[in-house]
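Subject: Structure handover

Dear colleague,

Please find the structure below, followed by notes on what turned up in it.

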Amino acid sequence: MKVLDRILSQSAYTADIDVPLDQVDIAEWLFTLAEAEYLRCCPPDHIAAGVSTTDDGRRMMINVEQIGTGLVVQHYVADEAGKTYCRMNSISDVFTANGRTQVNVIWELKAETVDGGRTRYTNSVTAHPTDVFMAFLDKHSLSFDDAAKARQAAGSDHNRRETPLFAASIARRAKARAQEQAK
């Protein structure tokens, strides 16, 4: 499968939290995230989540979510996973009324300091078509522009709703870790 150098959709949203940056650990939060907490981060879209590894031992997160009319199974592999920045890369399975296809999704999670000892969380999601996706569009006589427009609307809406909930979850985890360390 080939990932194409085109943008299918792209969005980034931010949310500020009342936790200093030095208490935030996005990678720790992401790879210990309980499924119930993931579900709370974008109801009713978030369906399931789990942590795994690739055959070569890289950390991986599997997410199942409804984005617009598509059921999406994300197979996120960590390209980079640190305290203030994670870059996750997925060849995602998308199940639609027309059948199954695949897209590439890059999920970037970033934390940075803002005024008053607060942290700004940015949740960025960029989807790229694959050759499999383009063949799927051709088979069903769908235009790339129409598919991109639908994906942009659905993906942006989903990201807009999940970003503040992810930020709040990261803050709760940071505060819990700070309390644990203070004991």
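Is D93 buried or exposed? With a relative accessible area of 7%, D93 is buried, where buried means under 20% relative accessible area, exposed over 50% and partly exposed in between (1.4 Å probe, protein chains only). The side chain of D93 meets that of R100 in a salt bridge, at 3.0 Å from N to O. R100 is exposed, its relative accessible area being 53%. A salt bridge here is a side-chain nitrogen of Lys or Arg within 4 Å of a carboxyl oxygen of Asp or Glu.

Two notes on how to read the rest. This is a predicted model, in which local features need pLDDT of at least 70 and side-chain atom pairs count only at pLDDT 80 or more, while totals for chains, interfaces and linings use all residues. Residues are numbered from 1 along each chain as its sequence is written, and side-chain values use heavy atoms, with hydrogens and water left out.

Overall fold

The protein chain has four helices and seven strands, in the order β-α-α-β-β-β-β-β-β-α-α along the sequence. Helices (H or I, at least four residues) and strands (E, at least two) are DSSP runs, numbered from the N terminus. For 183 residues, a compact globule would have a radius of gyration near 16 Å, and the 17 Å of the protein chain agrees with that. The radius is taken over C-alpha atoms, and the globule rule is 2.2 Å times the number of residues to the power 0.38. Along the principal axes, the C-alpha atoms fill a box of roughly 60 × 35 × 30 Å.

Of the 183 residues, 46% count as buried. The accessible surface of the protein chain is about 9100 Å², and carbon and sulfur atoms hold 51% of it; the areas come from the Shrake-Rupley method with a 1.4 Å probe, and for residues only the protein chains shown count as cover. Among contacts with a separation of 6 or more, 58% are between residues 24 or more positions apart, a contact meaning heavy atoms within 4.5 Å.

Charges and salt bridges

There are 21 positive and 25 negative side chains in the protein chain, and the centres of the two sets lie 3 Å apart. Lys and Arg count as positive and Asp and Glu as negative, with His and the chain ends not counted. Each charge is placed at NZ of Lys, CZ of Arg, CG of Asp or CD of Glu.

The whole structure has 14 salt bridges. One of them joins E37 and R40, with the closest N and O atoms 2.8 Å apart. Both residues are in helix 2 (residues 35–40), and because they are three residues apart there, about one helical turn separates them. E37 is buried at 11% relative accessibility, whereas R40 is partly exposed at 49%.

R161 and D45 form another salt bridge, their closest N and O atoms being 2.5 Å apart. R161 belongs to helix 4 (residues 144–182) and D45 to the loop between helix 2 and strand 2 (46–53), so this pair ties together parts that are 116 residues apart in sequence. R161 is partly exposed, at 27% relative accessibility, and D45 is buried, at 10%.

N63 is in strand 3 (residues 59–67) and is buried at 2% relative accessibility. Leaving aside residues up to four places away in sequence, N63 touches Y38, A48, A49, V72, V73, Q74, Y76 and W107.

V103 is in strand 6 (residues 99–114) and also counts as buried, at 2% relative accessibility. With the residues up to four places away again not counted, V103 touches L8, S90, I91, S92, V94, H128, T130 and F133.

Backbone points to check by eye

Most residues other than glycine have a negative phi, and most peptide bonds are trans. The peptide bond from P43 to P44 is cis, with omega near -5 degrees; P44 is in the loop between helix 2 and strand 2. S141 is not a glycine, yet has a positive phi of about 50 degrees. S141 lies in the loop between helix 3 (131–139) and helix 4 and is exposed, with a relative accessible area of 68%.

Regards
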